[in-house]
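Please look over the sequence and the fold shown here. The paragraphs that follow lead through one part after another.

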Amino acid sequence: MAGDSKKIETNEPRHFLETTQADPTLQGFARRSMFWRPTYLSPSAWLEHIPFAFWLIETHQPQVLVELGTHYGVSYFAFCQAVEKLGLDTRCFAVDTWKGDEQAGFYDEKIFEQVQRYNEAQYSGFSRLIRSTFDDAQAYFSDGLVDLLHIDGLHTFESVKHDFETWLPKLSSRAIVVMHDTNVRERQFGVFKFFEGLKGKYSSFEFIHGHGLGILKVGSAQNELMKRFFDVSENEVFRQGIHEVFSRLGRACADSFTASQQLERVGDLKKTMERQKKEVEDLKQSFDKVKDELNTRSKELTDAKTKLKNQVEQTSVELTACREEFGKVEKELEGRLDEIKVLNTTVAEKGEEIFKLEKLLSNRESEVISLRNQVQDRDKEFLRLKQEIEKKIKMMSDLELKAKEGDDKLAEANLCIQNRFRELATLTKMLDEKEKALGAAEKQSEEQKKEMKSLQAMLKEREDALNIVNKDLMSANKMLEEKDRALRKKGQEFERQKQKNENFRKTFSWRVTKPIRVLAKPFGSGNLKRKALNKQRDVVKNSGLFDAAWYLQQYPDVAKNGADPIEHYFQFGAEEGRNPSPNFDTKRYLRENPNLKQAYNPFYHYIVFGNIKRTSFPE
């Protein structure tokens, strides 16, 4: 080791090494637990005090530990990790309402559920969460019972003073009190003021980093190393050396948490980028699909426009032809109307002639009637006036001849009137046919107008649909541009984060904590240990002394998870102090055989070698 001094100087904090090498008293404070890697990390200023929490548990070894104010559980689970890893018979209690306060802020039920799940999974064998106020929890503890009290509740002067004074009777003769936030003076924090007032009454030690941590020696019955720890506070050189060691170790824990958060964030960014990349691909596919659909609709619209244009042109030609034909029909109708007017005039004239002839015929008929009457009168007088009758007969013959001539003229007039009526009926029929043709033309023109309006409406609908598609296309383009900008922004942020990580690896803190990270790695061969455990498990299983049914009934969490009882006892149960049967006490056997845990399972050792206290064991 002496020949590697240059290598040590390049990897360890120089001031700490020079101090510990120069003074063996300070070097005696070093413990392997200071370099353990914490298994539970969460946002908290207590991250920088985790190495000291490990050291304090190993050095002080309290029987009962109580924490007032747990929140996320960083400090409490650091204590529990040390208790579990050191195999101490320590009972741990966390007291909190898990509702928050006006200084730390109020929070929902999720934080308590997170802390409870972790405690049940890791430390249920010796740890208990008490959800109540600090004052109400006092009733659960006897006076003089608590060896280590951590106060981290409401940080006003009055609250801290009240918590300390009300819990003071519960402290044992070897009690240590730890107070967090002794270096915070804003936001009405009064821990620093109360701690200053206690320094004159109790031996103390205070760390400045991580918002400050004050340690008080309340009980007088302390072991030698704890006495030396409080005595060192009087020596400025030793005190600064301890400050530097735990400050740098604590900073490594905080940096480790920050690095893990950054790695998680990088992972989230990668997932986000992959998701957004997929979204961009989906948008591109949607865009191509919309583009193809738009091209199809555009082609359909072009075809519809061409078809509509042809129909409009054809309709226009047909309309022009209809107008020309209508003009011809109108002119022909005007000519027919003139002819009808002439015919009406002729008919009127013929009517007057017919009226005169009818009047004349009526006069003639009257004359005939009169003559017939006269003939009858003369027939009566025929015998008497035969001669006179003959004369009259002659005269009658003349008259009949004249009447016959009148009848011929009347028949000719009737024939002429009938001919005129036939011509009038023919003209009327032609006029009706022309009117019907004109009505059909007008009806066809109205139908063509309606069809034109329908085509115009269809054209407007196609134009509106095209406008909607154009708007959708513009919206898709805009969304694609926004996604591209967001993707570029995420990429730039990823590059910046990557550069920050590279810069962090180049920092002094990262280089000087490399030996710490190396020391924190587990030692020994895992394969050999597993083979030994498998061999011991088979011996216990074949012995018939392991009560599997009792074990599952006694520990329902094992039954709930469906784990094999013997496998669970060898993997976790023995370390958690659980018993394999009602006739064997694991914790007691380990206390009676303190060196046993490093090589043997306690129940296996009891079966093979018997309940014999040993300091060394056979191979």
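Strand E7 (residues 171-180) and strand E9 are joined by five bridges and run antiparallel, where strands, like helices, are DSSP runs numbered from the N terminus (strands E of at least two residues, helices H or I of at least four), and two strands pair if DSSP finds at least two bridges between them. This is a predicted model, in which local features need pLDDT of at least 70 and side-chain atom pairs count only at pLDDT 80 or more, while totals for chains, interfaces and linings use all residues. Residues are numbered from 1 along each chain as its sequence is written, and side-chain values use heavy atoms, with hydrogens and water left out.

E8 and E9 form a hairpin with five residues between them, and in its turn Gly210 has a positive phi of about 60°. Strand E9 itself (residues 213-217) is mostly covered, with five of its five residues buried; buried means under 20% relative accessible area, exposed over 50% and partly exposed in between, with a 1.4 Å probe and protein chains only. In a regular strand the side chains alternate between the two faces of the sheet. In E9, Leu213, Ile215 and Lys217 point one way, Gly214 and Leu216 point the other way, and all are buried.

These strands belong to an open sheet of seven, in the order E5-E2-E1-E6-E7-E9-E8, with mixed pairing. Its edge strands are E5 (127-131) and E8, each of which pairs on one side only, and the twist averages 15° from one strand to the next. Elsewhere in the sheet, strand E1 (residues 64-68) and strand E6 (residues 146-151) pair in the parallel sense over four bridges, with Leu68 opposite Ile151.

Helix H9 (residues 191-198) touches E7, E8 and E9, and its direction makes about 145° with that of E7; contact here means heavy atoms within 4.5 Å, and axes are lines fitted to C-alpha atoms, for helices over the stretch in contact, with angles running from 0 to 180 degrees between N-to-C directions. Helix H4 lies across E1, E6, E7, E8 and E9, running at about 165° to E6. H4 (residues 50-60) is mostly covered, since 10 of its 11 residues are buried, among them Phe52, Trp55 and His60. Just after H4, Gln61 takes a positive phi of about 50°.

Leaving out residues up to four places away in sequence, His60 touches several others, including Leu148, Arg174 and Met226.

Met226 is also touched by Trp55, as are Leu225 and Phe229. The buried residues of helix H10 (residues 224-232) are Leu225, Met226, Phe229, Phe230 and Val232. Seen down the axis of H10, these residues fall within an arc of 155°, so they line one face of the helix, the arc being that of the directions from the helix axis to the C-beta atoms. The face turned away from the buried side of H10 carries the exposed residues Glu224 and Asp231.

Phe52, Trp55 and Phe229 have the most contacts inside the largest nonpolar core, which has 55 residues; such a core is a set of buried Ala, Val, Leu, Ile, Met, Phe, Trp, Tyr and Cys residues joined through side-chain atoms within 4.5 Å. Apart from it lies another core of 26 residues, among them Val64, Val66, Leu149 and Val191.

Glu67, in strand E1, counts as buried at 0% relative accessibility. The side chains of Glu67 and His150 are joined by a polar contact of 2.8 Å, and the side chain of Glu67 also reaches the backbone nitrogen of Tyr76 at 3.3 Å.

Definitions and conventions
A polar contact is a pair of N or O atoms within 3.5 Å; within protein, one must be able to donate a hydrogen and the other to accept it, and residues adjacent in sequence count only if both atoms are side-chain atoms.
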